[in-house]
Amino acid sequence: MIYVLIVLLLAALAVAAYLLWRSRQQPTAQPEPDDFIGDQHKHASDQLRQVRNGDVIEYLGHNWFVRGRLDFDEDGYRWTEHMLDDAEGKKWLSIEDDESFEVSLWHAIPLGDIEQGTVGDRDVIVGGVAYRLQEKGSASFTATGATGTAPSGTAEYADYKSVDGKLLGFEKWGSNWEPSLGEVLQPFELTVYPSTDRPATLDDE
């Protein structure tokens with residue numbers, strides 16, 4: 001009888017030890033990490049949607065003043081271009097907010113920099129880089145501030161992209177095409193400082 005009790009006790013201890021071992025093998029549920037990058041992207045996107053003339057935009061430690069704004073509409077597809085300048089020159093910040101939020105920064109280049117091809121060709125080469133035509137068309141626009149354009153009208157455009165994501169664009173406001181090179185930016189790379197002479201919004205606070 002004692003022998004049977006000892007066997008049962010040892011069996012119970014073995015089962016308990018096994019269950020303890022199994023419990024320690026189960027992975028402990030970890031809390032979901034905060035989506036820090038996603039939150040940055042959303043906040044920066046909201047700020048860029050509210051950019052106005054007179055604001056300051058910081059990129060890579062450099063401050064640009066927003067001098068003008070162009071709002072484009074092509075059959076319901078809309079995008080915005082902001083003219084930025086400082087003592088060294090000007091750039092254009094393009095914001096597209098359709099199926100996704102896209103930001104790109106552009107600077108004008110002389111037509112003489114086009115090494116091969118012309119507007120509308122499938123491929124155009126600038127600085128040894130080949131750019132492939134993505135889309136072309138025309139859009140109506142309205143302008144506010146210092147843009148160098150008419151207050152409103154129609155502009156033609158042609159957009160190109162290289163295999164590594166560099167951008168080449170052409171715009172025609174009158175009789176001549178104006179080429180520009182651009183780069184795609186992440187919204188959180190830019191910081192918007194609203195001007196003091198416009199009302200603050202909830203996102204500005």
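A nonpolar core is a set of buried Ala, Val, Leu, Ile, Met, Phe, Trp, Tyr and Cys residues joined through side-chain atoms within 4.5 Å, where buried means under 20% relative accessible area, exposed over 50% and partly exposed in between (1.4 Å probe, protein chains only). With that in hand, let's explore this chain. This is a predicted model, in which local features need pLDDT of at least 70 and side-chain atom pairs count only at pLDDT 80 or more, while totals for chains, interfaces and linings use all residues. Residues are numbered from 1 along each chain as its sequence is written, and side-chain values use heavy atoms, leaving out hydrogens and water.

**Nonpolar cores**

- The largest nonpolar core has 15 residues, and those with the most contacts inside it are Leu48, Ile57, Leu84, Leu93 and Leu190.
- At least two residues of this core come from each of the strands E1 (56-59), E2 (62-74), E4 (89-97), E5 (101-108) and E12 (190-193); helices (H or I, at least four residues) and strands (E, at least two) are DSSP runs, numbered from the N terminus.
- E5 supplies the largest share of this core, 3 residues.
- Apart from this core lies another, of 12 residues, among them Phe72, Trp79, Trp106 and Leu167.
- Not counting residues up to four places away in sequence, Leu84 touches several residues, including Ile57, Trp64, Leu93 and Leu105; a contact means heavy atoms within 4.5 Å.

**Aromatic rings**

- Rings of Phe, Tyr and Trp (its six-membered ring) pair if their centres lie within 6.5 Å; planes under 30 degrees apart count as stacked, over 60 as edge-to-face and the rest as tilted.
- By this rule the count comes to 7 aromatic pairs.
- Phe72 and Phe141 form a tilted pair, 6.2 Å centre to centre with 50° between the planes.
- This pair links distant parts of the chain, with Phe72 in strand E2 and Phe141 in strand E8 (residues 129-145), 69 residues apart.
- The rings of Phe72 and Trp173 have centres 6.0 Å apart and planes at 40°, so this pair is tilted.
- Phe72 counts as buried at 4% relative accessibility, whereas Trp173 counts as partly exposed at 24%.
- Ring pairs link Phe72, Tyr77, Trp79, Phe141, Tyr157 and Trp173 into a cluster.

**Confidence**

- The mean pLDDT of the chain is 84, and 76% of its residues reach 70 or more; pLDDT is the predictor's confidence in each residue, from 0 to 100.
- Among the elements of the chain, strand E7 (residues 123-126) has the highest mean pLDDT (98) and helix H1 (residues 2-25) the lowest (54).
- Over residues 200-205, pLDDT stays under 50.
- Where pLDDT is low, the predicted coordinates should not be read in detail.
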